[in-house]
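Open the model in your viewer and keep the selection tool at hand. The tour moves from stop to stop.

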Amino acid sequence: MNILSLFVLIPVLMLLGLWLARNLNQVRTVMVVGASLLLALSIYLTIDFIHLRQSHPADLEPMLYTASVEWFKPLHICYSVGVDGISVVMLLLSSIIVFTGTFASWQLKPLTKEYFLWFTLLSSGVYGFFICTDMFTMFMFYEVALIPMYLLIGVWGSGAKEYSAMKLTLMLMGGSALLILGILGIYFFSGATTMNVLEIAKNNAVPDGVQNILFPFVFIGFGVLGALFPFHTWSPDGHASAPTAVSMLHAGVLMKLGGYGCFRIAMFLLPHAAHELSWIFIILTTISVVYGALSACVQTDLKYINAYSSVSHCGLVLFAILMMTRTSCTGAIIQMLSHGLMTALFFALIGMIYGRTHTRDVRKLGGLMKIMPFLAVGYVLAGLANLGLPGFSGFVAEMTIFVGSFENADTFHRTATIIACGSIVVTAVYILRVVGKILYQKVADPHYEQLTDATWDERVAVCCLIFCVAGLGLFPLWASNVISDAVAPILTVINP
């Protein structure tokens with residue numbers, strides 16, 4: 001069996017194990033064993049991929065571990081898998097978030113078994129999306145990843161959960177409708193005999209005029225999930241209402257499907273339109289970056305603050321992709337990896353604080369450093385990473401993006417880059433203000449004095465994420481080199 005297919009097979013076996021589980025301990029055992037296997041598999045894949053690239057740099061194809069099985073002949077749809085450096089780091093990110101999300105949900109009740117069934121189904125869609133090279137199969141896994149969100153938020157969420165779940169589902173399904181039209185348009189107008197992304201890009205046969213029509217369908221279709229302005233409004237409500245681990249997986253991984261799809265399909269397969277229409281989407285993504293940061297400044301709910309921060313950071317991913325330089329695109333993928341880890345850490349900590357204080361209102365919190373020092377220190381570190389402090393992953397990603405974007409010598413691109421840079425200052429304002437208010441002021445409620453610090457399962461999740469955020473910030477070259485090597489052949493097609 002191809003090693004990549006294990007990323008789909010293991011979640012399927014986990015679903016079977018959860019269905020057969022008869023008590024809470026069995027459910028937890030299935031989840032921990034499955035999540036640990038996926039994490040170990042992704043680490044092994046990453047190490048083996050790097051070893052192959054270093055030992056045979058000139059002899060290898062852009063995609064490794066490839067395999068293909070035709071399963072719908074009339075449309076030449078295949079189960080085709082393969083990974084490059086971008087896919088490898090996204091698989092690693094996904095497995096880290098699934099592993100830590102399992103421990104963040106350790107105490108979740110009621111309907112724990114049903115919750116983990118939907119959580120595992122969502123993660124299987126994410127893994128399948130990142131390993132597939134066939135457009136239709138990618139879309140199928142994309143939908144598998146989206147649909148469980150409705151129930152996970154609507155049943156296990158909080159606040160206006162039914163409204164948030166419906167809004168999220170309708171907007172993402174609208175994006176999917178645009179996306180399937182764009183994918184089918186690429187297939188039919190390219191005259192290809194396959195839906196394989198690499199084969200279509202090699203022939204580059206979609207007429208220029210048709211590319212200009214199809215590009216908005218594909219880019220907006222994926223951009224909705226990537227929080228592209230003005231299609232981002234589902235994101236803050238969805239994040240605020242979702243349970244902790246779902247927020248972690250949603251912001252940490254699911255939103256990355258948008259940026260990945262924009263780069264892998266929209267830019268790669270429609271390069272002429274990418275150059276012709278990029279200026280429109282650069283304006284929209286610049287607005288996303290600045291608007292998200294400014295909106296976070298005026299929020300009083302911790303989850304809404306982090307949700308609007310995610311709009312800003314995910315906008316930065318699309319912004320960097322549209323700059324179409326090797327450095328900026330490398331920075332975009334590092335930002336996807338960095339933001340996935342940072343925002344998962346933030347949502348995990350917010351969920352743990354909410355579980356004790358029963359509020360996320362900044363105005364009602366205070367003095368948490370004295371009461372729960374472990375969670376408070378974790379929140380400080382997450383905030384420092386988010387505002388781009390050197391030594392953390394956020395600094396590496398943002399510096400790479402802005403340096404790469406400024407490589408474009410024209411006034412338009414450099415002006416957009418300078419405006420986007422302004423988000424760094426705004427991010428520092430809202431992060432430091434919130435940290436000072438909820439952690440270091442006097443205890444807001446005498447009842448908080450009786451609260452406990454993190455439990456062992458919560459410490460596992462938090463420590464793993466802090467280790468990854470700091471590790472990527474201190475040792476970024478392995479990720480940067482792997483990603484840059486994968487970006488190069490794609491940019492060769494985009495910038496012939």
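Which side chain of opposite charge is nearest to Arg28, and how many Å away is it? It is Asp457, 7.4 Å away. Arg28 is buried yet has no salt bridge. Buried means under 20% relative accessible area, exposed over 50%, partly exposed in between (1.4 Å probe, protein chains only). A salt bridge puts a side-chain nitrogen of Lys or Arg within 4 Å of a carboxyl oxygen of Asp or Glu.

This is a predicted model: local features need pLDDT of at least 70, side-chain atom pairs count only at pLDDT 80 or more, and totals for chains, interfaces and linings use all residues. Residues are numbered from 1 along each chain as its sequence is written, and side-chain values use heavy atoms, leaving out hydrogens and water.

Stay on Arg28. It lies in helix α2, residues 24-55. Helices are DSSP runs (H or I, at least four residues), numbered from the N terminus. Not counting residues up to four places away in sequence, Arg28 touches Trp106 and Gln107; contact means heavy atoms within 4.5 Å.

Next, select Thr286 in helix α13, residues 271-297. Thr286 is buried, at 9% relative accessible area. Beyond neighbours within four places in sequence, its contacts are Phe319, Ala416, Ile419 and Ala420. Phe319 is 33 residues from Thr286 in sequence, yet 6.7 Å away, C-alpha to C-alpha.

Now show the cysteines. The structure holds zero disulfides (pairs of cysteine sulfur atoms within 2.5 Å). The sulfur of Cys314 is 11 Å from the closest cysteine sulfur, in Cys262, so it is too far for a bond. Cys314 is buried, at 5% relative accessibility.

Note on methods:
Helices (H or I, at least four residues) and strands (E, at least two) are DSSP runs, numbered from the N terminus. Lys and Arg count as positive and Asp and Glu as negative; His and the chain ends are not counted.
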